[in-house]
Amino acid sequence: MTKKANDKDQDTIKDQVEENIDKAIDEVEKEQAEKSENKEVADEDTSETDKLKEDLQKEKDKFLRLFAEFENYKKRTSKERLELFKTANQDVMIAMLPVLDDFDRALVEINKTEDKNLLKGVELIHNKFRETLKNKGLEPVEVESGDTFDADIHEAITQIPAPNDDLKGKIVDVVERGYRLGERIIRYPKVVTGK
């Protein structure tokens, strides 16, 4: 072979090697560029996923708070309804208390007479009326002479000198009975205290 042909083959091989090296470099650069793009897309996907997770967590928190508020609302309204049912007839009961007082006074006066049939008839009506009110939740506030005065439960209408030292600061007389409806006092007992 001649030197020219040999040089030509070497130049061809050299050109092919350079061409292959350039191709390899281009492929590597292209792969790196693709990896970089994929990484950016992956980073975007990751950041978008994180953002969606945060949004989901916020919505879960909102839902839980709303659910808790609704539960509190249900409890509060059921408690209010229960209280309303207990005291729904409070106005009617308050209106009936003077009638009950009149019955008590009538019984005292009828006891003074000799007519036992009249007394028996009024007692029957009185007991029936009192039991009906009791079944609806009305109860008397028990107060007796000699009890300690409590401003939360009793209404003092006057003070008199105590008949004896034991009644100082205590209840001397009950002028008007008090009543409660359920747990609530609807009329405080009117009392006289000793000083």
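Buried residues are those with under 20% relative accessible area, exposed residues have over 50%, and partly exposed residues lie in between (1.4 Å probe, protein chains only). Helices (H or I, at least four residues) and strands (E, at least two) are DSSP runs, numbered from the N terminus. The model is predicted: local features need pLDDT of at least 70, side-chain atom pairs count only at pLDDT 80 or more, and totals for chains, interfaces and linings use all residues. Residues are numbered from 1 along each chain as its sequence is written, and side-chain values use heavy atoms, with hydrogens and water left out.

Strand 6 (residues 190-194) is largely enclosed by the rest of the structure, because four of its five residues are buried. Two strands count as paired if DSSP finds at least two bridges between them. Strand 6 pairs with strand 2 (residues 155-160) in the parallel sense, over five bridges. Here Q159 has T193 of strand 6 as its bridge partner. Strand 3 (residues 171-176) runs antiparallel to strand 6 and is joined to it by four bridges. V174 is partnered with V191 in strand 6.

Three strands form an open sheet in the order 1-4-5, with antiparallel pairing. Its edge strands, strand 1 (138-141) and strand 5 (184-187), each pair on one side only. Neighbouring strands of this sheet are turned by 40° against each other on average, direction ignored. Axes are lines fitted to C-alpha atoms, for helices over the stretch in contact, and angles run from 0 to 180 degrees between N-to-C directions. Strand 4 (residues 178-181) and strand 5 are antiparallel and share three bridges. Within this pair, Y179 has R187 of strand 5 as its bridge partner. Helix 2 (residues 90-111) packs on the sheet and touches strand 1, strand 4 and strand 5. Contact means heavy atoms within 4.5 Å. The direction of helix 2 makes about 55° with that of strand 5.

The structure holds eight salt bridges (a side-chain nitrogen of Lys or Arg within 4 Å of a carboxyl oxygen of Asp or Glu). One of them links R187 to E176, with the closest N and O atoms 3.7 Å apart. R187 lies in strand 5 and E176 in strand 3, so the pair ties together parts eleven residues apart in sequence. R187 is buried, at 14% relative accessible area. E176 is partly exposed, at 22%. E176 also forms a salt bridge with K190, at 3.1 Å between the closest N and O atoms. Salt bridges with shared partners join D101, E176, R187 and K190 into one network.
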